[in-house]
Amino acid sequence: MKRNVVTGASRGIGLEIVRQLRQRGEEVIACCRRSSDELDASGARVETGVDVADRAAVAELAQRLDGLQIDRLWNVAGVMRPQTLGAIDADAIEAMRLQFDVNALGPLLMTQALMDQMRAGAKVGIVTSRMGSIADNTSGGSYGYRMSKAAVNMAGVSLAHDLYDRGIAVAILHPGYVRTEMTQGRGLIDAEESATGLLARMDELSMETSGVFWHSNGDRLPW
Ligand SMILES: NC(=O)c1ccc[n+]([C@@H]2O[C@H](COP(=O)([O-])OP(=O)(O)OC[C@H]3O[C@@H](n4cnc5c(N)ncnc54)[C@H](OP(=O)(O)O)[C@@H]3O)[C@@H](O)[C@H]2O)c1
C-alpha cells in the first residue's frame, strides 16, 4: 500500500486528493495548518501545524514522520493575493513575499525535508499554476502569484535533476481552473475532476517524464 503525504489538505484540491487516495485504499498523511471537519472525516492521518512556509514547522513534521517510507509527496498548499501595477505598496510587497514563501519555497522545503524517506520509485508532485507560465502569460497582472508559481516551476525542474539519481520523479502540475475558495467558487471544473486528473498524472509519471509541466487533463504546458 502506498503512503502519501499531502500538504494543503484542509480544503479545496488538497482535500479532494486526500479523499480520492483514501478511496483507492492508500495511506494518507494529510498535512494542514488546522484541520477541518471534512478532513477529519476522510480517514487520513492528520498532521496539524504544518505551515509549509515555516522551516521549523516543516522540520518538526519530518521528525514526526521519521522512519516512515514515503511513496508520494503532494505539494498542494498555496495562496493567491491580488496585486495591481500602480498599487505595489508595502502591503502588496508583503503579500508578494508571502506567496513566494508558501508557493515557491514551501514545496522545496517539504521535498528537502522528506526526500531521505523516499526510495527509488517514489514521486513528488508540485501543484503549480499555468499562471506561472511565461509563454502563457497573455493578460499580465497577478504579480506575486505569477512570480511565485514561475519560481516553483523552476524549483521543480531542478528537483527533477537533483533527485534523478535517487530514482525519484517530479511532476509540475496545473490543476485546471477549479471552483474552490481560492477562486471564490469560480472555475471550469470541480475539485473532484481536478483531483482525478492529478492522480492520473502522478500514476503516469515516470523517470523518463520527470520534470514535465502538465495540465491535470494531460496536456503538456509551455514554460
Ligand atoms: N483553484 C484553482 O483554479 C487553481 C488554479 C491553479 C493552481 N491552483 C493551485 O492549487 C493549489 C490548491 O489550491 P485550491 O484552489 O485548493 O485553494 P484553497 O481552497 O484556497 O486551498 C488552499 C490550501 O492551502 C493551504 N495553505 C495556505 N497557506 C498555507 C501555508 N502557509 N501552509 C500550509 N498550508 C497552507 C490552505 O490551508 P488553510 O486552511 O490553513 O488556509 C488550504 O488547505 C494551490 O497551490 C493553488 O495555487 C489552484
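**Helices, sheet and ligand**

Guide: In helix α3, Arg55, Val58, Ala59, Leu61 and Ala62 meet Leu109, Met110, Ala113 and Leu114 of α4 (contact: C-beta atoms, placed from the backbone, within 7 Å). This is a predicted model, where local features need pLDDT of at least 70 and side-chain atom pairs pLDDT 80 or more, while totals for chains, interfaces and linings use all residues. Residues are numbered from 1 along each chain as its sequence is written.

Visitor: What classes of residue make up the contact of α3 with α4?
Guide: Eight are nonpolar, none is polar and one is charged (nonpolar: Ala, Val, Leu, Ile, Met, Phe, Trp, Tyr, Cys and Pro; charged: Asp, Glu, Lys and Arg; polar: the others, Gly among them).

Visitor: And how do the axes of α3 and α4 cross?
Guide: The axes of α3, which covers residues 55–64, and α4 cross at roughly 30° and come within 9 Å. Axes are lines fitted to C-alpha atoms, for helices over the stretch in contact, with angles from 0 to 180 degrees between N-to-C directions. Helices (H or I, at least four residues) and strands (E, at least two) are DSSP runs, numbered from the N terminus.

Visitor: What about α4 and α5, at what angle do they pack?
Guide: Helix α4 (residues 90–114) packs against helix α5 (residues 143–162) at about 15°, and their axes are 8 Å apart. On the α4 side, the contact includes Ala95, Met96, Phe100 and Leu108; α5 brings, among others, Tyr143, Tyr145, Val152 and Leu159.

Visitor: Which classes turn up in the contact of α4 with α5?
Guide: There are twelve nonpolar residues, five polar ones and one charged.

Visitor: Changing topic: what order do the strands of the sheet have?
Guide: The open sheet has seven strands, ordered β3-β2-β1-β4-β5-β6-β7, and the pairing is parallel (strands pair if DSSP finds at least two bridges between them).

Visitor: Which strands stand at the edges?
Guide: Those are β3 (45–47) and β7 (212–215). Each has a single partner strand, so one side of each lacks a neighbour in the sheet. From one strand to the next, the twist averages 20°.

Visitor: How many bridges join β2 and β3?
Guide: Three bridges join β3 to strand β2 (residues 27–31), in the parallel sense. Opposite Glu47 of β3 stands Cys31.

Visitor: Which strands does helix α6 touch?
Guide: Helix α6 (residues 191–204) packs on the sheet and touches β4 (72–75), β5 (123–127), β6 (169–174) and β7. The direction of α6 makes about 155° with that of β6.

Visitor: Where does α1 come in, and how does it cross α6?
Guide: The axes of α1 and α6 cross at roughly 60° and come within 9 Å. Gly12, Ile13, Glu16, Ile17 and Gln20 of α1 make this contact with residues of α6 including Ala191, Glu192, Leu198 and Leu199. By class, the contact of α1 with α6 has six nonpolar, four polar and two charged residues.

Visitor: Last topic, the ligand: which residues come nearest?
Guide: Gly8, Gly12, Ala77, Gly78 and Thr180 do, out of 31 residues around the ligand (near means a C-beta atom, placed from the backbone, within 6 Å).

Visitor: Which helix gives the most to the shell around the ligand?
Guide: Helix α1 (residues 12–23) does, with three residues. The shell has 15 nonpolar, eleven polar and five charged residues.

Key. Two residues are in contact if their C-beta atoms, placed from the backbone, lie within 7 Å.
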